[in-house]
Structures are given as C-alpha cells and as structure tokens.
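The tour below goes from selection to selection.

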Amino acid sequence: GGFSTVYKIRKADDETGMFCSALKVVTIPQNPDEYQTLREDGYTEEDITTIFKDQLNTIVSEFKMMAQFRGMTNIVSYEDHMIVPHDDGQGWDVLIRMELLKALPMFINEKGVLSEEETIRMGKDICKALEICASKNIIHRDIKPQNIFVNEYGDYKLGDFGVARIMDHTTHATKIGTYGYIAPEVYN
C-alpha cells in the first residue's frame, strides 16, 4: 500500500504444521526526514508529536474497526496487532497480522480475466461486505480493485479500512478515497 508494507509470514507449529498470515507494517513517521521537514516548516516539537500521534490513532481505529468484523466471510480477517515504539522515542512501527489473501489485481494477472459467473460472485461478495459495514454504521470510502482480496476458496473480501469512518448522521462530507474510484456525488 501507499503507507505500509505487507509481508507474508510463516509460523511453524508442531501440531498444525505451517501457518501463514499477512503482516502489514506501518512506520510512523514514514521516514526520518519527516521530523526535519516539519521543523523547517515551523512546527514545534509538541505539534510534531501531535501530528504523528494522530496518525497512530487513525491506524489504531482501523484495526479496532477490523476487529468488529472478525469471522465475517467477506471482510479481511484481522488476527492481532502490536505497536512498537522506536528506540529514539520518535514514532512507532505498527504491526497488524491479517489473513493471507491475494489482491484482486494480482489474482486477475495470474488467473486471467474473470468469467461472468466469477464477476457476479465478486459483486455479491462485496455487496455482502458492504451490507455488514452498513449494519455497523461504517462507510468504507475506498472501494477499488486494490482493496478487494481473494482467498484460496474463491471468496472475495473487502479490506483496507484506513479511510473508513463511522456514520455520525451529520451533513459534513469530505473528498476522501481514491479519485479514480470515488463516487461522483462525493467528488462533486
């Protein structure tokens, strides 16, 4: 993703054999130059700490949201997480373990064009995911091929809740998401 790196990790267990997961690693700040850039832009140490703490809180809210969906067939399964403070006290590495899946673009590159039947199945699976989100008053806000995943059984799953938000019944709207996929009424 744009703000993280995802790794395939394996855990060997004598009873169950090999178990694989995806490990999403988010580093805050993304690079050490961010502190210096913010200082040069006139931010105080307190301002900089607040900026990076807000980024951390956004990520924490993402995996808290994902935890609500644990066990749902059509939403990427969150397994656990760990927040590791940097040794210098300036930032964190956030590790989020999730089920190991293939992103839709990679799946299509390997398999080829989806059949009409598979395309309909994907549509139904993602609609089920959105219904589940709606039942919890959550708006995903970034539906695009890169946020749709496929498991080994052919189930399509919605992932990446980084810009999702809980509906608060206000009239405030923001342009957030990926512009090429954003709904026209939101863009306007």
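Contact here means heavy atoms within 4.5 Å. Helices (H or I, at least four residues) and strands (E, at least two) are DSSP runs, numbered from the N terminus. This is a predicted model, in which local features need pLDDT of at least 70 and side-chain atom pairs count only at pLDDT 80 or more, while totals for chains, interfaces and linings use all residues. Residues are numbered from 1 along each chain as its sequence is written, and side-chain values use heavy atoms, with hydrogens and water left out.

**Whole chain**

Start with a cartoon of everything. The protein has 5 helices and 9 strands, arranged along the sequence as β-β-α-α-β-β-β-α-α-β-β-β-β-α. Of its 188 residues, 32% are buried; buried means under 20% relative accessible area, exposed over 50%, and partly exposed in between (1.4 Å probe, protein chains only). Among contacts between residues at least 6 apart in sequence, 57% join residues at least 24 apart.

**Helices 1 and 2**

Select residues 33–40 for helix 1 and residues 45–68 for helix 2. Their axes come within 10 Å and cross at roughly 130°. Axes are lines fitted to C-alpha atoms, for helices over the stretch in contact, and angles run from 0 to 180 degrees between N-to-C directions. Helix 1 and helix 2 are therefore oblique to each other; angles under 35 degrees count as roughly parallel, over 145 as roughly antiparallel, 65 to 115 as roughly perpendicular and the rest as oblique.

Which residues in helix 1 meet helix 2? Show Glu-34, Tyr-35, Leu-38 and Arg-39 in helix 1, which meet Glu-45, Ile-48, Ile-51 and Phe-52 in helix 2. By class, this contact has 5 nonpolar, no polar and 3 charged residues. Ala, Val, Leu, Ile, Met, Phe, Trp, Tyr, Cys and Pro count as nonpolar, Asp, Glu, Lys and Arg as charged, and the others, Gly among them, as polar.

Next, select the open sheet of 4 strands, which has the order 1-2-4-3 with antiparallel pairing. Two strands pair if DSSP finds at least two bridges between them. Strand 1 (5–13) and strand 3 (78–85) stand at the edges, each with a single partner strand, so one side of each is left without a neighbour in the sheet. From one strand to the next, the twist averages 25°.

Zoom in on strand 1 and strand 2 (residues 17–28), whose antiparallel pairing runs over 9 bridges. Thr-5 has Val-25 in strand 2 as its bridge partner. Now bring helix 2 back: helix 2 packs on the sheet, touching strand 2, strand 3 and strand 4 (92–98), and its direction makes about 10° with that of strand 4.

Pro-29 is in the loop between strand 2 and helix 1. A cis peptide bond joins Ile-28 and Pro-29, with omega about -10°.

Move to Asn-137, in the loop between helix 4 (116–135) and strand 6 (138–139). Asn-137 has a positive phi of about 60° although it is not a glycine, and at 34% relative accessibility it counts as partly exposed.

Finish at Asp-160, in the loop between strand 8 (156–158) and strand 9 (165–166). Is Asp-160 buried or partly exposed? Asp-160 counts as partly exposed, at 31% relative accessibility. Not counting residues up to four places away in sequence, Asp-160 touches Lys-24, Glu-62, His-140 and Asn-147. Asp-160 and Met-66 are 94 residues apart in sequence and 8.8 Å apart in space, C-alpha to C-alpha.
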